[in-house]
Amino acid sequence: MLKGTEILLNSLINEGVKTIFGYPGGAIMPLYDTLYSYSNKLNHILVRHEQGAVHAAQGYARSTGRVGVCFATAGPGATNFITGITDARMDNTPLICITAQVNSDRLGTDFFQEADIIGLSIPITKWSYQITNADEIERTIIKAFYIAREGRPGPVLISFTRNAQLGMSNILVNRRTLLNQMTKNSLNMRNSFRGKNFSEKIITACNMLNNAKKPLIIAGQGVLLSHAELLLSQMSIISNIPTVTTLLGLSSFDSKFKNYYGNVGMHGHLAPNALTQEADVILAVGMRFSDRVIGKTEDYAPNAKIIHIEIDKAQFNININSQLQLLGDASEIIKSMLPFMKYYKRDSWFEYANSIKRHEEKDIIPKQLNGSNMQITMGSIIKKLSDEFNDNLTLVADVGQNQMFSARFAKLSHPLGWITSGGLGTMGFALPAAIGAKLGCPNRTIVAIMGDGGFQMNMQELGTIKQNKIDIKIVLLNNSYLGMVRQWQEMFFNSRYSFTNLVNPNFGEIAQAYNINYFKIKNKGELNEGINKMKNSKGAFFLEVDVEEQENVFPMIAPNSSVSDILESQ
Ligand SMILES: Cc1ncc(C[n+]2csc(CCOP(=O)(O)OP(=O)(O)O)c2C)c(N)n1
Ligand SMILES: [Mg+2]
């Protein structure tokens, strides 16, 4: 006979869990009490806010390819998980979020710290389940991990009632049988969607690309999730097709390759967006045609037949209709396509792409690097970081202008180079996500880029950094504004800066309070000194950079405008 809390922790260990991010409280005390005896098997990181626990678990999951795990108590602990879980759902991050719950015989009585977390989490998880009996624990955890990882990954919430934590059970579950059964069901579903002629579809897709004069590959996060980076680069090189990435697909393709042209989307590069509008065939791999990518739906890729490789059949034909849908894992499908792909020169198509790239490099990039005065631009910092830290850099970007400039100026060639909150755009993501990424990849240089607004959304996690001696580099791009919102006010609301100016605290004193080394770059002359200090620092470092207050991110596809109408400047 084992206690429920022991069964739960043993089940986590059986799934390969090593690190848990969490925060205790009343209803979860039995689990934390058992955790006390598991300190040699499980590394628990005490965060400072439950939202931080979820984002840290996300950073961990995204930097390791494993399932992130986080704990919170009932009621407010559980509801503080909501934003992070939603973020993980949007950005396909496998998580097991375990929240405590009151005794099952008290459910529905408005018991102290009772919140209906199942009801709250159903729309934002792949699966939500309440364990009310110790007999259910092992089976539920096996299933939870399977669901979190399977197909399009995502978060699972387990509500763990107090009586199930304290209950006893000797039920043994045959993990292999359970997993085989679930895998069989998923494969049956996939195969029935694919139909009998799937191998013919693969050949049709290859013929479409081989016969195309102006083909384009758009790589999304699915490439990273299925570890298809190498296969994708083979596809691009063997068939000689220009390749671009989405915001979350960034780092799935080595930016040094000549076939790479940058990012599509609202603040993407010029060439990828122009190529989209000119292409005759698009191979979209593990991406979901988000509104930030497609702009005005009717005008998107007007000349292109679209081949969509996607693991989640629900993503087909939502925003954009594709001509051919290939359901499955990106690696598996690309691998089956490669033998049929042929090399074509396509000189004029590449020359078109290169001419636009040259135009951006000559007429837009230098301005964004040099700025208009002694103040530093966001682009110049990101470029410097990417030059200095090279392949070993993982940029964890927050949300706003800092994020868009990061995506524009980071030159990445390692698949672990980039983590950001894309679908939900959650300010405050970067600091805790960087903590998780560092624990997942201790040998990489983890740089958390954020704005003055976003930092203040989860700055309490400096406490987690201090307590656990986490060696991340924090780069705060301080423009004293909620910059991205200010930009939209300037462009679309007659410069009426309604509540976007920030009167900020002394960030240096905050860093000092947490014993974190700090340096402030006030102008261009101090850039090298600041970056060197950070590079040579042992342990966490906080680099504040006074950037131009009112710089805007361009190019920009204005909301609901055609991708063809991309604005190059104001
Ligand atoms: C939690 C949350 N609240 C509000 C927003 C809306 N929003 C998007 S960008 C932005 C401004 C971000 O300001 P800052 O963090 O200083 O970054 P900057 O754009 O100045 O680089 C805001 C408020 C959001 N994305 N997330
Ligand atoms: Mg700002």
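Modeller: The protein chain is assigned domain 1 (2–189), domain 2 (195–356) and domain 3 (364–562), with bounds taken from an automatic or database domain assignment. This is a predicted model, where local features need pLDDT of at least 70 and side-chain atom pairs count only at pLDDT 80 or more, while totals for chains, interfaces and linings use all residues. Residues are numbered from 1 along each chain as its sequence is written, chains are lettered from A and ligands numbered from 1 in the order in which they are written, and side-chain values use heavy atoms, with hydrogens and water left out.

Colleague: How many Å separate the centres of domain 1 and domain 3?

Modeller: Taken over C-alpha atoms, the centres are 32 Å apart. The contact between them takes 22 residues from domain 1 and 25 residues from domain 3, where contact means heavy atoms within 4.5 Å.

Colleague: Switching to the second largest pocket: what volume does it have?

Modeller: About 790 Å³. A pocket here is an open set of points on a 1 Å grid over the protein atoms alone, where a 1.4 Å probe fits, with protein on both sides within 12 Å along at least five of seven lines; lining residues have an atom within 4 Å of a point. Grid points are joined across faces, edges and corners, and the volume is the space filled by probe spheres set on the points.

Colleague: Which residues are closest to its centre?

Modeller: Of the 28 lining residues, Glu-150, Gly-151, Arg-152, Ser-186 and Ile-311 are the closest to the centre. Helix H7 (137–149) and helix H9 (175–194) are the elements that give two or more residues to the lining, and the largest share, 10 residues, comes from H9. Helices (H or I, at least four residues) and strands (E, at least two) are DSSP runs, numbered from the N terminus.

Colleague: And how does the lining divide into nonpolar, polar and charged?

Modeller: There are 11 nonpolar, five polar and 12 charged residues. Ala, Val, Leu, Ile, Met, Phe, Trp, Tyr, Cys and Pro count as nonpolar, Asp, Glu, Lys and Arg as charged, and the others, Gly among them, as polar.

Colleague: Where does that pocket lie relative to domain 1 and domain 2?

Modeller: Both domain 1 and domain 2 give residues to the lining, so the pocket lies between them.

Colleague: OK, metal next. What are the protein donors of the magnesium ion (ligand 2)?

Modeller: Asp-452 (OD), Asn-479 (OD1) and Tyr-481 (O), lying 2.1 Å from the ion. Donors are N, O and S atoms within 2.8 Å of the metal (3.2 Å for Na, K and Ca); water is not among the atoms, so sites may look incomplete. Along the chain, the donors follow the spacing D-x26-N-x1-Y. Asp-452 lies in helix H21 (residues 452–455) and Asn-479 in the loop between strand S18 (473–478) and helix H23 (483–492), so the pair ties together parts that are 27 residues apart in sequence.

Colleague: Are Asp-452 and Asn-479 buried or exposed?

Modeller: Both Asp-452 and Asn-479 are buried. Buried means under 20% relative accessible area, exposed over 50%, and partly exposed in between (1.4 Å probe, protein chains only).

Colleague: What is Val-547 in contact with?

Modeller: Leaving aside neighbours within four places in sequence, Val-547 contacts Gln-375, Ile-376, Thr-377, Met-378, Leu-477, Asn-478 and Asn-479. Asn-479 is one of the magnesium donors. Val-547 sits in the segment after S20 and counts as buried at 1% relative accessibility.

Colleague: Now the backbone. Which residues does a cis peptide bond join?

Modeller: Phe-554 and Pro-555, with omega about -5°. Pro-555 lies in the segment after strand S20 (541–546). Most residues other than glycine have a negative phi, and most peptide bonds are trans.

Colleague: So what about the phi of Gln-113?

Modeller: Gln-113 is not a glycine, yet has a positive phi of about 60°. Gln-113 is in the loop between strand S5 (95–101) and helix H6 (117–121) and is partly exposed, with a relative accessible area of 25%. Ser-495 also has a positive phi, near 55°; Ser-495 lies in the loop between H23 and helix H24 (507–513) and is partly exposed at 37% relative accessibility.
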